[in-house]
Amino acid sequence: MFVDQVQFKVKAGKGGDGMVGFRREKYVPNGGPSGGDGGHGGNVIFQVDSGMSTLMDFKYKKVFKAENGGNGANKKMTGASAPDLVIKVPEGTTVYNQATDQPIADLTKPDEEVVIAKGGRGGRGNVHFATAKNSAPEIAENGEPGEELDLSLQLRLLADVGLVGFPSAGKSTLLKTITNSKPKVAQYHFTTLVPNLGIVRNDDGNDFVIADLPGLIEGASQGVGLGFAFLRHIQRTRVILHVVDMSGVEGRDPYDDYQKINAELENFDPQLLERPQIIVASKMDLPDSATNLEHFKAELAQHDDQLARKIDPISSVTHQGLTTLIRDTGALLAETPKFPVVSELEPVGADEVVYTAENETTSPFTLQRDEDGVWVISGAKIERLFKMTNTDHAQSLMRFTRQMRGMGIDEALRNAGAKDGDLVRILDFTFDYVN
C-alpha cells in the first residue's frame, strides 16, 4: 500500500537519575559523597533508507519512544547511556511539527540523518554538590526529561520530471513506453491510483526519473478527485510534462484542459508554474489529433501564453516523437536547477524559549488560581526543574525552593495576594505557601 502522509508521536529517553551515596569502606573515616551521575537518554533520529518508497511502516504505530538512561550508582559510577532510536524513512520525507505546522527537517539524500528529539541529560549525583559548608550533601538530580514531539510526515517522491494532465490523457501509457515501469493502463478514468516512478535512459547519458501522477480534474486543488492527495509529489520535480489529449474523443477541448490543469497547479502552489513545462500533445495517431493540435497552437498564440516553451507531439502507440521528447526533456533538465520544497527550517527538536524579565509573554512561569483556590504554577522551565528534583531528600527540595525564589516565584505569589497556608501546585506536587 502506498502511504505518503502519516502522523505520530516521538519521545526521546529520559536521563538517568543521579544518586545520593556515600563511601563506606572500612578504615576510610568521613568518606564523603560518592553518588554517580545518570546516563544520557536516547535520542530519536530519522535516517534515510533508499530502499523505502512509502510511509506504510508508520500507519499503525502512533508512538516511537527511545530508552531512558541508566541511574547512577555508588562509588561515582555513571549510569549507562541509552542507545539512540533510529527510525528509517524514505528519501523525500519532510518532517513537520504538528503544534506549529512548520517543517523541521527535509530528508532527501541517501543515509542522511537528523536528530528529531533529543534525549535528556543524566542527573548529577551528590558528589557534585559537596561544598565546604556541606561536605555530605543529600542532593541529587533526577534525569532531564526527553523531548516529546507530535510529528506529521509527508513523502514527496524524488523525481526529476512529473507527468500531469487529465485522466486518460495518456500519461501511464507514455511512462510505460519510455521506461521499464509497468503502470496499470486501462480505458477508464482514474486507472492510476498512486504515483508511479520510472527511469528514462537517455542516449547522451543524462538519465532522469519521471513520475506519473494520478489524473487531475477541475477542483483537484480543493480535494476533488484523486489529484489533491498527490499534488505534493509534483513539488520536487524540476520539469513538468503537461500531457494533453489531442484526439478529442471525449468531447473535451484540449486548450481548455490545458488551462484547467495549470489553474489547479497554481491554486495548490503558485511556485509550480515557475517550473518549465513541455506540452506533450498525446494520441497523435488518432484521426482528428492533427487538426486539434493546430487549433491548440492558435489558441496558445492568441492568448500569448508564456508558460509553454515547447510542444512535442507524440504517440505512445506508434512511438512517434518519443525520441524528440526524451531529448528535449533531458536538455531542459540540464539547465533547470532544483526547486526547494521548504525555504527555511526551524531548529529541530522541542522549542526552547528565551526568558526575559521585560517581556511578560516570555516569562519562565505562569501563575494562575483555579476554582478551588489553589495557586497553579506552570511553564516549561519550572516544570523541567521540578522533574529533575529528587523529592525523596529534604536538601534537594530546599535547593528547588531556592531555584523558585531566584526565578521570582515567591515575589509573584506575594504580589498576587497569596497568604500563609495557601496551597500551591506544580504538576502533581502540592505544598503550603509560607511568606
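User: Is Arg 121 buried, exposed or partly exposed, and what is its relative accessible area?

Analyst: This is a predicted model, where local features need pLDDT of at least 70, side-chain atom pairs count only at pLDDT 80 or more, and totals for chains, interfaces and linings use all residues. Residues are numbered from 1 along each chain as its sequence is written, and side-chain values use heavy atoms, with hydrogens and water left out. Buried means under 20% relative accessible area, exposed over 50%, and partly exposed in between (1.4 Å probe, protein chains only). Arg 121 is therefore partly exposed, at 35%.

User: Which residue forms a salt bridge with Arg 121 at 3.3 Å?

Analyst: A salt bridge puts a side-chain nitrogen of Lys or Arg within 4 Å of a carboxyl oxygen of Asp or Glu. The closest N and O atoms here are 3.3 Å apart. The partner of Arg 121 is Glu 141.

User: Is Glu 141 buried or exposed?

Analyst: Its relative accessible area is 4%. That value makes Glu 141 buried.

User: Which residues share one salt-bridge network with Glu 141?

Analyst: Salt bridges with shared partners join Glu 141 into one network.

User: What is the N to O distance between Asp 257 and Arg 252?

Analyst: Asp 257 is buried at 7%. Arg 252 is partly exposed at 23%. Their side chains meet in a salt bridge at 2.8 Å.
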